[in-house]
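The following exercises concern one chain. Each sets a task and then works through the solution step by step.

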Amino acid sequence: MLKQILGEFLKLDGVTAAVVVGRDGFVIESAVSGKVDIDALGAMASTGMGTSEAMGAELGKGDLRQMLVELDNGPILLSPLSADELIAIVAETDVNIGRIRYELKKNKDRLIAAL
């Protein structure tokens, strides 16, 4: 079920990977089109999420809801799913970020239920 939901993200124009990662950095499940090193992505997503959460706590800004990393060749969107898992979505340059955020919000409960 989890793989199926992640595969639905790949149907969005410009999305190349949707990966659920444990807070330990290990990949739990993924759906990928093209060449993406999902093990490296998992490790870096976990580290980046942890750093951003610590920054939010240190500055008294509350819990992290989403993290968007904008890069020359496309964005990476990270979002916590639970205390133990997060999702990373990798996309191409001209992707509709709003659509990804909408689909993530719409499917978050399904993702959590499938874990």
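A contact here means heavy atoms within 4.5 Å. The model is a predicted one, in which local features need pLDDT of at least 70 and side-chain atom pairs count only at pLDDT 80 or more, while totals for chains, interfaces and linings use all residues. Residues are numbered from 1 along each chain as its sequence is written, and side-chain values use heavy atoms, with hydrogens and water left out.

**Exercise 1. Describe the overall fold of the chain.**

Step 1. Count the elements, taking helices (H or I, at least four residues) and strands (E, at least two) as DSSP runs numbered from the N terminus. The chain has three helices and five strands, in the order α-β-β-α-β-β-β-α from the N terminus.

Step 2. Examine the dimensions. The C-alpha trace spans about 35 × 30 × 25 Å along its principal axes. The radius of gyration is taken over C-alpha atoms, and the globule rule is 2.2 Å times the number of residues to the power 0.38. For 115 residues a compact globule would have a value near 13 Å, and the chain agrees with its 13 Å.

Step 3. Consider the contacts. Of those with a separation of 6 or more, 49% are between residues 24 or more positions apart.

Step 4. Buried residues amount to 40% of the 115 in the chain.

**Exercise 2. Locate salt bridges that link separate parts of the chain.**

Step 1. Apply the criterion: a side-chain nitrogen of Lys or Arg within 4 Å of a carboxyl oxygen of Asp or Glu. The whole structure contains five salt bridges.

Step 2. Lys-3 pairs with Glu-29, with 3.7 Å between the closest N and O atoms. This pair joins helix H1 to strand S2 across 26 residues. Lys-3 is partly exposed at 45% relative accessible area, as is Glu-29 at 25%.

Step 3. Arg-110 and Glu-8 meet at 3.1 Å, N to O. Arg-110 belongs to helix H3 and Glu-8 to helix H1, 102 residues apart.

Step 4. Glu-53 and Arg-23 have their closest N and O atoms 2.7 Å apart. Because Glu-53 lies in helix H2 (residues 38-58) and Arg-23 in the loop between S1 and S2, the pair ties together parts 30 residues apart in sequence.

**Exercise 3. Identify the residues of a nonpolar surface patch.**

Step 1. Patches consist of residues with over 30% relative accessible area and no salt bridge; like charges are joined within 9 Å, and nonpolar side chains (Val, Leu, Ile, Met, Phe, Trp, Tyr) within 5 Å. Accessible areas come from the Shrake-Rupley method with a 1.4 Å probe, and for residues only the protein chains shown count as cover.

Step 2. Ile-28, Ile-112 and Leu-115 make a patch of about 230 Å². Ile-28 is in strand S2 (residues 27-32) and counts as partly exposed at 41% relative accessibility.

Definitions and conventions
Buried < 20%, exposed > 50% of the residue type's maximum accessible area, 1.4 Å probe, protein only.
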